[in-house]
Amino acid sequence: MSAETIIELVNIGFQYAGSERRALENVSLSIKKGEVVAIVGHNGSGKSTLCKMLNALLLPCEGTVTVDGMNTVAEENTLEIRRRVGMVFQNPDNQLVTTIVEEDVGFGPENLGVPPAEIRKRVDAALGEVEMREYAEKASHALSGGQKQRVAIAGLLAMQPEVLVLDEATAMLDPRGRDEVLSTVMRLNQERGMTVVMITQFMEEALGCDRVFVLSDGRLVMEGTPEEVFNEREMLENSRLDAPAYVKLRDALAAAGLPVSHSAMTCESLADSLADAFHKKTKPAAGKKDRNHADSN
Amino acid sequence: MPIQIEQLSHTYMPGSALAYPALSDITLTINDGEFLGIIGHTGSGKSTMIQHLNGLLQPTGGRVLVDGLDTREKKLRKKIRSLVGMVFQYPEYQLFEETVAKDVAFGPKNMGLEENDIHERVFEALTLVGLPPERFAEQSPFELSGGEKRRAALAGILAMRPKYLVLDEPMAGLDPRGRAEILSLIESLRSTNGTGIVMVSHSMDDVAMYADRIAVLDCGGLFMEGAPEDVFSRGEELLKMGLALPQATRLVYALRARGVELEHNYYRMDELQSALIRRWNA
């Protein structure tokens, strides 16, 4: 295990009691400190099971999971692992435990036995990080979904974790709520080097990650950069997934003869590439290649 | 006959200190066999509004007529609920019976139908949602996959043969294939059975692709209403409201910012694709 690896899974196998099917089969992967990774896969592919392995909510039937070198099966490690790996789940209404926002954020450190003055400091800092300080004394049930998820994240930050795991944390949110949550975790990653593991059904969300893991029927079928993964259209199809809409459009345009960049996968990069192509076509002799901030290749 | 929403207002806990006006003065008609999309950010009143369509909530002002039946009339509600099928978010959490067939039969049974008729409807509904009865009828609903559970829950509503189907975020939490399956099922209900569809969704792309007409709610009021091309041509206003644009429209805007002007504010990827190819070959 290299020095910078924070989570490592080796040959994980798992089967729920009473089930005839293997939920996970021989999955190995490692996540480095400061990385943002996405785990994608069809419903029932084992994503959430895998996610629960990351902080010892579930223990593997075979193989080992280590967090910062600590094996999750060793009971004496459980508390420390759960402090280091914070988990945000799908339903914003199931995760807040108290009625007032700041009490909710303080709940974790209080359980860790952190002294009250220190709790106060951590709660204020955590609410500031998710831009919810002005809601500190508000009733948590009255918040929007995106705000509730950000309070849930603040509750984890107050425990000073090293990894945030989001298990489809944006699935029930509207576009604004989703943006709020995603930009919050991305900022935590950039400013604090927080490691982020994002489980998602939205392929577009995975595009912004450093690496993507694809699960299908309990097996890891591919890992790579978003570019590598989302250009494997056949693999995605076989895994009941779909390429992001702009990738599909790009491929269709390329097939029709438009010179679009193969690396264009988002709205912005596809627009750059298309605008460049159209401008070159209308002014072929002008030679002003860099009049549009065209992307390379 | 349509569903007519006339000057509908709804205030939660009226007359108390906690009175909260959730809807004000909404007038909207949902035509037979129409696919109406409803969009609006969290708290805009979408859920409050759709709960009026089958009388789960009663107006505190104005009225709602379903095929001419006023939802305020208590004795009409049973009839209204058989006309308007309501599929809430994550309907699979409401599965409760031992077998899929029993679960789907729950609605028709409550309607007081004969055993034979119930049986026929259960088989019909399961077939419609793509869960062949011979394989799924006797399974426990809890052994199904996420997408199958969602479809089983939908079958429970379809077995009541509603004339209108109201769906609140029917694709939330499903994988891309599951989303596509549910959407094409909804679309085929409309095209083959003429079922009127009212779909609340955060996915502008799904609404753009399937809806004949879109109603935009904001702060409890009807902000605008019209065909997708009209609604999505007012992109700036939607963005200001905290809504997203369909991916096709976003690309049109991004191209415009780079000096490439297209004929329309396309809102469907397939149409944008043809337009770009046409332009390239022109």
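## An enclosed strand in chain B

Strand E9 (residues 213-218) of chain B has 5 of its 6 residues buried, so this strand is largely enclosed by the rest of the structure; a residue counts as buried if 20 or more other C-beta atoms, placed from the backbone, lie within 10 Å of its own. Strands here are DSSP runs (E, at least two residues) and helices are DSSP runs (H or I, at least four residues), both numbered from the N terminus. The model is a predicted one, in which local features need pLDDT of at least 70 and side-chain atom pairs count only at pLDDT 80 or more, while totals for chains, interfaces and linings use all residues. Residues are numbered from 1 along each chain as its sequence is written, and chains are lettered from A and ligands numbered from 1 in the order in which they are written.

## Pairing around E9(B)

Two strands are taken to pair if DSSP finds at least two bridges between them. E9(B) runs parallel to strand E3 (residues 35-39) of chain B, to which 4 bridges join it, and B:Leu36 stands opposite B:Arg213 of E9(B).

With strand E10 (residues 221-226) of chain B, E9(B) runs antiparallel, through 5 bridges; B:Asp218 has B:Gly221 in E10(B) as its bridge partner. E9(B) and E10(B) form a hairpin with 2 residues between them, and B:Cys219 in that turn has a positive phi of about 50°.

## Chain A and its domains

Chain A contains 11 helices and 10 strands, and its C-alpha trace spans about 70 × 50 × 35 Å along the principal axes. Of its 297 residues, 49% count as buried.

The domain assignment, whose bounds come from an automatic or database source, gives domain 1 (5-238) and domain 2 (245-291) of chain A, with centres, taken over C-alpha atoms, separated by 36 Å. The contact between these domains takes 4 residues from each of them, where residues are in contact if their C-beta atoms, placed from the backbone, lie within 7 Å. On the side of domain 1, the largest share, 3 residues, comes from helix H8 (residues 226-230) of chain A.

## The contact between the chains

The contact between the chains takes 30 residues from chain B and 33 residues from chain A. On the side of chain B, the elements that give two or more residues are helix H6 (146-158), helix H7 (176-193), helix H11 (247-257) and helix H12 (269-281).

How values were computed. Contact = placed C-beta atoms within 7 Å. Buried ≥ 20, exposed ≤ 12 C-beta atoms within 10 Å, placed from the backbone.
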